Amino acid sequence: MTALVQHVLDALSVGSTYALLALGLTLVFSVMNLINFAYGLLLVWGGYAACVLVDAGLPFALVVPLCVLFVTALSVVMGRVAFRPFIGAPQITLLITSFGVLLITQYIAILVFGEKPRVLNTPDFLTGVIAAGGLRVPVLQVVTIASGALVVAAFYGLLHRTPFGAHLRAAAESPETARLMGIRPDRVLMIAFAISGAIAGVVGLLWFAKVGAVTPRSDMEPTLKAFIAIVLGGLGRTSGAMLGGLALGGIEVTMNVVLPSGAITYAQAIVFAVVIALLVLRPGGLSGARTEAA
Amino acid sequence: MEPLLQVSDLVVGYGATKVLKGVSLTVAPGEAVAVLGANGAGKSTLMKVISGLLAPWEGTVRFGGEDVTGMPAEERAALGIALAPEGRGIFATLSIEENLLIGATCLRRRMSAAERRGHERDVLDRVYTTFPVLAERRTARGCDLSGGQQQMLAIGRALMAAPKLLVLDEPCLGLAPKMGNEVYTVLRSLREAGQSLIVVEESSRRALDFVDRACCLKLGEKVLDGDAAEMKADELLIEAYFGLKGAGR
């Protein structure tokens, strides 16, 4: 029983990280049809920012908001400089642009920080473990699940309770009609990049607190996981992205539990096989959305 | 009097295909104008140019004495052009009330926050009084409405912007005749209240009954422009000549 609770917590914590990643990526996709391959670099730069600030001796309680703020700003700059000029451009243009942004931001990171991993020193309490009734729950896991829930709640509040949110949803559904209402597409895009950046800031901290070190190429895994989660959940839907993230976390943890030790090496391959099988059964993803722009 | 809208010698198309071949159109303040024509005549394209969704290849658009030819749709909306687009353009995932409120977005640049809130309340009340069915279903999502209700919503949403010029692209398309009559009843009352408007129709009969002036497009050219009453007298001739179908609409 305790083992099962432990696995569920594992799955929730891994899944909520993936869900947030997928959410941030989907948000920009929904208003611009942009699949932003540079998204993982936002995490990397957030990770480096955390390293620098922690090493400078700032208290962690200050490092967190500063990091989120920095990544939000970075995301807005990225959107403004690289993507805003291409509003309405063909998807292939956006795709190539995002690869360009990925390479540029990655090589700047290599120039500034070098290829070697940089250790992120997190405060001791984050690496602690809560022991209760036979359960041993890492503090970071609790923090991850709580942050996930908090970010999702804030996101839905913003999306469904504010005029900005209504504008975002309108522009995601029909950019042309939204313009007829006087909604500026460039402004909607910048808001989407800002929210997406704030989410990336939070996930970046959680991700590198868990991994323990940042490298300029640490973007690959989170970006890949985000894409799988998005495709799994159903492209272009925020609810689908989160569902896909949680499902992916569940599948991964289950694989680690049920696979015999000899097969653990192939866990990732098996996860992909499961995802492909799911998509064969439900081509629109778990949420069953139409794959309009796929 | 200076025209509210003055479209001159528009040439525009998609890709290499020319759709409008030098079309001009004026609307005076308080005037109701019908744009008639068969499918493919270029009516919707003309409305897209007027609303700013499509930039013309040649020609100019002036609104309220200002040249707005290069102005994007979102800024023209703020100036007072409200288009209820062909196909209604209801946001399916937004509630009825959200759809209506979003129609007032363009007032942000014309009014202060307090003014706008007051205006939103007033117009929302008025729209709900005019279309009680929208009030009943205000929390329903756009996709849950019938075609007729969606059209009511599209007109209501356009009115939220307090438009100087209301542009309706085929407001009765796909509606049952009874529903179409209801739409025209609403348009008639708007017109009596002094609303300037353009209504696009494929069929002439109902539109000619209610506008001051009508113009006919055929294959991207304006072939007729005149007083609606006079045109109505010649209706049979027009229909024979342009192949417009008036029956049943």
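Predicted model: local features only at pLDDT ≥ 70, side-chain atom pairs only at ≥ 80, totals over all residues.
Reader: OK, and what about the accessible surface of chain A?
Author: That comes to about 13200 Å², and 71% of it belongs to carbon and sulfur atoms.

Reader: How many helices and strands are in chain A?
Author: Chain A has 12 helices and four strands. Its radius of gyration is 19 Å, close to the 19 Å from the globule rule for 294 residues, so chain A is as compact as a globular protein of that length. The radius is taken over C-alpha atoms, and the rule is 2.2 Å times the number of residues to the power 0.38. Helices (H or I, at least four residues) and strands (E, at least two) are DSSP runs, numbered from the N terminus.

Reader: And how many has chain B got?
Author: In chain B there are 10 helices and 10 strands. With a radius of gyration of 18 Å, close to the 18 Å that the globule rule gives for 249 residues, chain B is as compact as a globular protein of that length.

Reader: What part of chain B is buried?
Author: Buried residues are 55% of the 249 in chain B. Buried means under 20% relative accessible area, exposed means over 50%, and partly exposed is in between (1.4 Å probe, protein chains only). In chain A, 50% of the 294 residues count as buried.

Reader: Switching topic: where is Lys225(A)?
Author: Lys225(A) sits in helix α10 of chain A, residues 220–233.

Reader: Is that lysine buried or exposed?
Author: Lys225(A) counts as buried because its relative accessibility is 3%.

Reader: So which residues does Lys225(A) touch?
Author: Leaving aside residues up to four places away in sequence, Lys225(A) touches Tyr18(A), Leu248(A), Glu252(A) and Gln268(A). Contact means heavy atoms within 4.5 Å. With Tyr18(A) there is also a polar contact between the two side chains, at 3.4 Å. A polar contact is a pair of N or O atoms within 3.5 Å; within protein, one must be able to donate a hydrogen and the other to accept it, and residues adjacent in sequence count only if both atoms are side-chain atoms.

Reader: Back to chain B: what's the phi of Glu170(B)?
Author: It is near 45 degrees, a positive value in a residue other than glycine. Most residues other than glycine have a negative phi. Glu170(B) lies in the loop between β7 (165–169) and α7 (177–192) of chain B, and counts as buried at 5% relative accessibility.

Reader: And what's the phi of Leu219(B)?
Author: Leu219(B) has a positive phi too, near 50 degrees. Its place is the loop between β9 (213–218) and β10 (221–227) of chain B. Leu219(B) is exposed, with a relative accessible area of 59%.

Definitions and conventions. Residues numbered from 1 in each chain as written. Chains lettered and ligands numbered in written order. Heavy atoms only, no water. Areas by Shrake-Rupley, 256 points an atom, 1.4 Å probe, with all protein chains shown as cover.
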